[in-house]
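Dear colleague,

I am passing on the structure we spoke about, together with some notes on its charged side chains. Please read the notes with the coordinates open beside you.

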Amino acid sequence: MRLIAVARSFRARPTLPETTGPLQFRCFQPDFVPRDPNAKPKKYKYPVFYDPYGPRPPPSDKIVQLAERIAALAPEERRQLGPTLAERLRHPKLQPISTEGLDLGSQGGAAGGSKAEEKKVEKTAFDVKLEKFDAAAKIKVIKEVRTFTSLGLKEAKDLVEKVPCVLKQGVSKEEASDIIEKIKTAGGVAVME
């Protein structure tokens with residue numbers, strides 16, 4: 001009896017590899033060397049700034065003389081140096097970056113000029129907004145809304161009851177004016193935005 005109880009007690013406790021998996025603890029690895037508890041931590045020397053290309057050799061005397069000659073040039077001649085080198089080395093010409101649609105904040109003259117041009121550009125897409133309608137003509141307005149939208153009866157009714165609301169977005173000027181006329185004949189007031 002006693003032998004069976006001892007055997008069950010051994011079986012009740014799982015062994016370490018079954019619990020943790022085979023050799024998961026670092027101390028069970030074959031190449032593990034315990035750290036000396038009295039040892040001080042290693043101090044590494046970090047560079048002041050990160051240079052991904054590593055240390056570079058100093059420039060040659062020819063390059064140093066060339067840099068000194070460029071520094072001695074007059075400011076007008078230095079301004080001509082960049083475009084001339086780009087042409088001589090056949091670098092591709094840089095294309096201007098479009099800032100259309102970007103909010104550049106208060107950038108001064110450049111942003112002011114683009115806003116003036118935006119005012120000249122005519123709007124092509126319009127929204128039709130239902131402002132109000134006669135209570136007696138509510139059913140007629142709902143039917144008209146259903147003709148130019150793909151809404152069901154309940155959705156159109158909910159939309160009309162949320163006055164003022166946008167009925168259709170991004171339509172041409174002709175289509176928007178046509179919708180406004182239809183709403184007007186049905187007994188509602190719609191505007192183009």
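Is Lys138 buried, partly exposed or exposed? In this predicted model, Lys138 is partly exposed, with a relative accessible area of 25%. The side chain of Lys138 meets that of Glu161 in a salt bridge, at 2.7 Å from N to O, and this pair links distant parts of the chain, since Glu161 belongs to helix 7 (residues 153–161) and Lys138 to helix 6 (residues 138–148), 23 residues apart. Glu161 is likewise partly exposed, its relative accessible area being 39%.

A search of the whole structure finds 6 salt bridges, and two further ones may be of interest to you. Within helix 7, Asp158 and Lys154 lie 4 residues apart, about one turn of the helix, and they form a salt bridge whose closest N and O atoms are 3.2 Å apart. Asp158 is partly exposed, at 33% relative accessible area, whereas Lys154 counts as exposed, at 59%.

In helix 8 (residues 173–186), Lys182 and Asp178 are also 4 residues apart and therefore separated by about one helical turn; their side chains meet in a salt bridge with an N to O distance of 3.8 Å. Both partners are partly exposed, Lys182 with a relative accessible area of 35% and Asp178 with one of 39%. Elsewhere, salt bridges that share partners join Lys138, Lys157 and Glu161 into one network.

Notes. Residues are numbered from 1 along each chain as its sequence is written. This is a predicted model: local features need pLDDT of at least 70, side-chain atom pairs count only at pLDDT 80 or more; totals for chains, interfaces and linings use all residues. Side-chain values use heavy atoms; hydrogens and water are left out. A salt bridge is a side-chain nitrogen of Lys or Arg within 4 Å of a carboxyl oxygen of Asp or Glu. Helices (H or I, at least four residues) and strands (E, at least two) are DSSP runs, numbered from the N terminus. Buried means under 20% relative accessible area, exposed over 50%, partly exposed in between (1.4 Å probe, protein chains only).
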